[in-house]
Amino acid sequence: MGQGAGKYPTGSSLVQDMIDISEHAAPIKAGKSMVKADNSAEVHPYYIRAEYNFREIKNYIQVEVNGQYCITEPLSVADAHRLAEHIRKSDPAALFAGIAE
């Protein structure tokens, strides 16, 4: 993954970030302390790619494509984390990404 031409992140740097996160890279830190986010009011749909029977969670799904990935109904961050924990029991490599509306 190469460096971008400008001061903003490139697509390849964002993809590398997602790879690092999925491979459990070190958490992002601010100075010497961990960054703590309050996302309790955040609600949005999620993109999920997994080897999983999405019919098991049909009440959460807006769109499913060929059983490979889906877009959820808007979920709270806490609900998305619970759903991720459930799906990762079947597919530890499942990818979750929030979709800003």
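Of the 101 residues of the chain, 22% count as buried. Here buried means under 20% relative accessible area, exposed means over 50%, and partly exposed lies in between, with a 1.4 Å probe and protein chains only. The model is predicted, so local features need pLDDT of at least 70 and side-chain atom pairs count only at pLDDT 80 or more, while totals for chains, interfaces and linings use all residues. Residues are numbered from 1 along each chain as its sequence is written, and side-chain values use heavy atoms, with hydrogens and water left out.

The pLDDT is the predictor's confidence in each residue, from 0 to 100. The chain averages 80, and 73% of the residues score at least 70. Confidence is lowest in strand β1 (residues 29-30), with a mean of 58. It is highest in β7, at 93.

The chain contains two helices and eight strands. Helices (H or I, at least four residues) and strands (E, at least two) are DSSP runs, numbered from the N terminus. Along the sequence, the pattern is α-β-β-β-β-β-β-β-α-β. The chain exposes about 7,700 Å². Carbon and sulfur atoms supply 53% of that area. Accessible areas come from the Shrake-Rupley method with a 1.4 Å probe; for residues, only the protein chains shown count as cover.

Helix α2 spans residues 77-87. Its buried residues are V77, A80, L83, A84 and I87. They cover an arc of only 120 degrees around the axis, which puts them on the same side of α2. The arc is that of the directions from the helix axis to the C-beta atoms. An α-helix has 3.6 residues a turn, so residues three or four places apart point the same way. On the other side of α2, H81, R82 and E85 are exposed. The cover over the buried residues of α2 includes β4, β6 (69-72), β7 (75-76) and β8 (95-98).

The largest nonpolar core has 16 residues. A nonpolar core is a set of buried Ala, Val, Leu, Ile, Met, Phe, Trp, Tyr and Cys residues joined through side-chain atoms within 4.5 Å. I48, A50, F54, I57 and I87 touch the most other members. Strand β4 and helix α2 each supply at least two residues of this core. The largest share, five residues, comes from α2. In soluble globular proteins, nonpolar side chains tend to be buried together.

I48 belongs to strand β4 (residues 46-49). I48 is buried, and its relative accessible area is 0%. Beyond its neighbours within four places in sequence, I48 is in contact with F54, Q68, Y69, C70, T72, L83, I87, L95 and F96. I48 and F96 lie 48 residues apart in sequence, yet 4.7 Å apart in space, C-alpha to C-alpha. I87 also touches I48.

T72 sits in strand β6. T72 is also buried, at a relative accessible area of 0%. The side chain of T72 reaches the backbone nitrogen of Y46 at 2.9 Å. Not counting residues up to four places away in sequence, T72 touches P45, Y46, I48, Y60, I61, Q62 and L83.

N66 is placed in the loop between β5 (61-65) and β6. N66 counts as exposed because its relative accessibility is 69%. Phi of N66 is near 50 degrees, a positive value in a residue other than glycine.

D91 is found in the loop between α2 and β8. D91 counts as buried because its relative accessibility is 13%. Leaving aside neighbours within four places in sequence, D91 is in contact with A50 and E51. D91 and Y52 are 39 residues apart in sequence and 6.8 Å apart in space, C-alpha to C-alpha.

A100 lies in the segment after β8. A100 counts as exposed, at 76% relative accessibility. A100 and V43 are 57 residues apart in sequence. Their C-alpha atoms are 9.1 Å apart in space.

How values were computed
Contact = heavy atoms within 4.5 Å. Polar contact = N/O pair within 3.5 Å; in protein donor to acceptor, adjacent residues only side chain to side chain.
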